[in-house]
Amino acid sequence: RWQEGTRPAPSPGDRAREEVRMAVLLETSKGDLVIDLYVSEAPQACKNFLKLCKIKYYNNCLFHNVQRDFILQTGDPTGTGRGGESVNGVLYGEQARYFEDEIPRSGGGDLGTRGGGGRTHAKRGTVAMANAGKDMNASQFYITAGDNLDSLDGKHTIFGHVTEGLDVVSRINDAYCDEKGRPWQNIRIRHTIVLDDPYEDPPGLSDRIPLESPELVRGEEDGSSARLEDDWAPDAEERPAAEVEKSARKSEADGRAVLLEMIGDLPDAGARPEDNLIFVCKLNPVTTEEDLEIIFSRFGKVTCCDVVKDWKTGESLCYAFVGFETKEQAEQAYFKMDNVLIDDRRIHVDFYQSMYHQWRQHKRQEAGGRGTRGPGPARGAPPPRGRAPAQSWRQHGRLPPPQAPSRDRSRSPPTFRSPKGEGNEEEGRRHRRHRRHHHRGGGDRDGGGDRRRRRRRRPGDEGRG
């Protein structure tokens, strides 16, 4: 690439620095990061970082401080931002907890360098030590999430840069955090992999290198137990497929029940069919409730027996509901009475899945709430709706509304009843003829008879008057 002119040829110093540049792979909750280390410019910081990665010191460390478009801070095993120690502190104790800064006084150029090799926070993805003060570097470090962060220059030791995984940096930067910058869902460094280590191990380090990655132990002091873990998933994804489908169907049924309650088709969204009732269909229209009650009483006491009828004609709709005292009696009737012959019809018996009785009881309660079962309504209140006997309308001081004539031609016409109370049609015809004759003046002696005599006689008039 240098010969083609796409990049200026490096100086001997730059070429030497690139030859000794090492890399570390960080596996995080949001993805993998590859960090190139500047071992020639910050050898002490790079050695500390490599050795801590080698003993799995950073495994399960939280990103405890995420400031949007600024820094992503991690490296504290306690997760509080006040802990952590250098590799020397791990090996030799508290007196060797920190190491000195490595901040060059000059620099510039590509990748945030200045002339003589000093690095700046000019580009996103810069990796530097998070110190507790001057020359107080331990284990915590940060990754910049924005460009041109000049306020950090000259204060922190820059020892690396993210070369792969800037999209992971963006995902961590976009995490939802509280007012202190702590993500609501824990983001952790899961594993650290050293691709190449040019430094010799200090004495005693090999004894601290674990054979396996340490297990995650959530502590109370860092507050991680109060947050969602990075691998958290809803319960639906952890349950078996059959249980997930059953839960989804139940939720859908509950939603439909609420909708039916809102539009008035259910008395209550939580209502369920009674388990001590059975449904009987394919009945003969001549089968009555008394017949069913006698037949089904062999399985136990029948508490209710309703044959559903047409509200206009009163004829049976050929199905009924039969209730027992216990669920066991209803089950026995279901197993014994299905496909039984009653009144030359093979009936079908099934379990009760209707809200008929609950709905009827609900309507009765509503009617009772409107006062139809108690004393009459207040003065000026409207009369009850629907068909009502004339007596109830007289109680409200009104006449009953005119009823439309029945269109059922199968029913016999009503029999005329005379004022005297006879029910004979012949008597009614005589009564009408008598009234017509009296209205025409047949009973008047002065002229009525002449008018009748002048009337033309017709066949069949024998016996009139």
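Residues are numbered from 1 along each chain as its sequence is written, and side-chain values use heavy atoms, with hydrogens and water left out. Because the model is predicted, local features need pLDDT of at least 70 and side-chain atom pairs count only at pLDDT 80 or more, while totals for chains, interfaces and linings use all residues.

First, the whole protein. There are twelve helices and 17 strands; these are DSSP runs numbered from the N terminus, helices being H or I with at least four residues and strands E with at least two. Of the 465 residues, 35% are buried. Buried means under 20% relative accessible area, exposed means over 50%, and partly exposed is in between, with a 1.4 Å probe and protein chains only. Contact means heavy atoms within 4.5 Å. Among contacts between residues at least 6 apart in sequence, 64% join residues at least 24 apart.

Now helix α8, residues 327-337. Which of its residues are buried? They are Gln329, Ala330, Ala333 and Met337. These four sit on the same side of α8, because they cover an arc of only 100 degrees around the axis, the arc being that of the directions from the helix axis to the C-beta atoms. In general, an α-helix has 3.6 residues a turn, so residues three or four places apart point the same way. The buried residues of α8 pack against β12, α7, β14, β15 and β17. On the face turned away from that buried side are the exposed residues Glu328 and Phe335. At the N-terminal end, Thr326 caps α8, with a side-chain oxygen 3.4 Å from the backbone nitrogen of Gln329. After the helix comes Asn339, whose phi is positive, near 65 degrees.

Next, Thr192, in strand β11, residues 188-194. Is Thr192 buried or exposed? Thr192 is buried, with a relative accessible area of 1%. Leaving aside residues up to four places away in sequence, Thr192 touches Leu25, Leu26, Cys53, Lys56, Tyr58 and Asn59. Its side chain reaches the backbone oxygen of Cys53 at 3.1 Å. Thr192 and Lys54 are 138 residues apart in sequence, yet 7.6 Å apart in space, C-alpha to C-alpha.

Last, Leu259, which belongs to helix α6, residues 241-263. Leu259 is partly exposed, with a relative accessible area of 48%.

Definitions and conventions
A polar contact is a pair of N or O atoms within 3.5 Å; within protein, one must be able to donate a hydrogen and the other to accept it, and residues adjacent in sequence count only if both atoms are side-chain atoms.
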